[in-house]
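Have the sequence and the 3D view open as you read.

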Amino acid sequence: MNFCFSSEEEAFREEVIDFLRPYRNLEGFIQQGEKWSEVKALFGAMAERGWLALAWPESEGGLGKGIAHEYILWDEFGYERAARNPLAAGIVAKTLIRHGSPEQKERWLPPIRTGELHFSLAYSEPEAGSDLGSVRTRATREGDDYVIRGEKCWQSYAQDMDCFWLLARTGEPDSRSRGLSLLIVDKDSEGLQVESLPTLDGDQLNAVVFDDVRVPANRRVGPENQAWSIMGEALADERHIQFPAGRLRRDLEDICTWAEAQGFTREASVRVRLGALATDIREAEMHSLSVLDAMNQGRDASVAAAANKIAHTLACQAIARAAMDFGGERALVEGDRPELLWRLSLWETIGGGTTEVMRSIVARQGLGLGGTR
Ligand SMILES: Cc1cc2nc3c(=O)[nH]c(=O)nc-3n(C[C@H](O)[C@H](O)[C@H](O)COP(=O)(O)OP(=O)(O)OC[C@H]3O[C@@H](n4cnc5c(N)ncnc54)[C@H](O)[C@@H]3O)c2cc1C
């Protein structure tokens with residue numbers, strides 16, 4: 001495995017660090033809901049440099065850079081806590097590039113590249129989270145349209161986004177993963193309702209009700225009933241940027257600064273614990289670099305990505321948890337860094353696939369235990 005970045009990639013890192021200086025206090029990575037207009041402006045500034053389309057092919061209006069550039073970009077964004085990678089420029093655009101018709105690319109890629117159009121991911125349902133094969137929201141073909149009926153939940157940032165990237169059932173009710181399709185749905189469609197679900201970190205997720213929402217059939221991306229493999233490819237395209245180690249380094253720095261200010265670091269046991277966390281972070285970073293390495297070499301990165309998600313999200317929780325152990329009630333002062341990091345870290349092991357499901361991937365696909373499904 002090659003852990004070194006080229007001099008061009010290192011120069012790009014410096015450029016990203018410079019670019020991010022004015023955004024030091026934005027914290028859109030952890031509070032996007034509250035900061036959306038500023039985060040959107042940041043995406044606009046990135047778009048001016050072509051960074052929303054950094055690794056898209058040049059033929060599709062991108063800069064055609066390698067995925068190491070994307071890794072570096074989002075690693076530094078994580079460290080500065082500026083913003084999380086937007087779904088539109090990632091999953092949505094990369095899927096359109098692979099599977100969209102020429103008309104769809106022409107319609108959707110330019111406003112995504114300029115940062116004007118943003119998407120929310122509408123996969124999960126009350127009875128279908130880890131098991132997306134049981135999605136029930138139905139898209140029924142009627143002439144030139146699909147009519148959508150059903151309910152989604154846990155949609156991140158849906159309150160501020162323009163469109164949904166919707167996973168809906170177009171096959172028979174028991175068709176499981178063989179009967180799903182992907183559709184682009186405008187948020188302001190008639191019959192669509194977004195309801196806020198407040199979260200522990202002071203932000204919100206959303207429930208979305210589709211009550212006979214009519215969508216032109218040309219909003220379906222890829223062949224009917226074949227969303228499953230398309231979603232898998234999209235996930236694979238984004239694995240190297242989902243859990244940036246920079247975010248962990250920053251969390252630990254914050255907790256070290258806080259522990260020092262509180263006088264806790266005079267105790268050897270506190271210093272030992274912080275040292276152990278620094279080691280955990282390096283370990284998590286090695287996992288994320290091995291994801292990048294596998295992708296760069298064209299190998300399947302799913303096991304490495306599952307291991308990375310486990311290591312990263314457990315490290316997030318361990319860093320915040322340490323502050324609780326050092327400081328007791330002093331770590332619970334509302335608005336202070338430790339308690340905010342704690343509330344933020346709790347959901348990390350659930351969103352994007354739970355730790356149990358990730359462990360199952362490592363056991364089945366990595367260790368070859370219990371079959372491949
Ligand atoms: C902050 C956050 C943001 C999210 N954003 C989005 C979003 O933007 N769009 C979207 O569509 N969804 C989103 N989700 C939903 C997320 O993908 C689901 O919560 C997640 O996949 C788990 O599904 P579930 O909540 O239905 O739990 P369930 O799947 O019901 O799981 C319940 C428990 O059972 C365990 N379990 C389930 N299956 C297995 C298994 N096979 N083996 C072992 N244990 C298992 C789980 O680990 C968990 O502990 C978000 C969730 C969170 C927390």
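## First pair: H4 and H5

Which residues in H4 meet which residues in H5? On the H4 side they are Ala88, Ala89, Val92, Ala93 and Leu96, and on the H5 side Gln104, Lys105, Trp108, Leu109 and Ile112. Being in contact here means that C-beta atoms, placed from the backbone, lie within 7 Å. Sorted by type, the residues of this contact are 8 nonpolar, 1 polar and 1 charged (nonpolar: Ala, Val, Leu, Ile, Met, Phe, Trp, Tyr, Cys and Pro; charged: Asp, Glu, Lys and Arg; polar: the others, Gly among them).

A quick word on the model: it's predicted, so local features need pLDDT of at least 70 and side-chain atom pairs count only at pLDDT 80 or more, while totals for chains, interfaces and linings use all residues. Residues are numbered from 1 along each chain as its sequence is written.

## How they cross

H4 covers residues 88-99 and H5 residues 102-113, and the two pack at about 160 degrees with axes 10 Å apart. Axes are lines fitted to C-alpha atoms, for helices over the stretch in contact, and angles run from 0 to 180 degrees between N-to-C directions. Helices are DSSP runs (H or I, at least four residues), numbered from the N terminus. H4 and H5 are therefore roughly antiparallel (over 145 degrees).

H9 (residues 302-327) and H10 (residues 337-346) pack at about 140 degrees, their axes 8 Å apart.

Conventions. Angles under 35 degrees count as roughly parallel, over 145 as roughly antiparallel, 65 to 115 as roughly perpendicular and the rest as oblique. Two residues are in contact if their C-beta atoms, placed from the backbone, lie within 7 Å.
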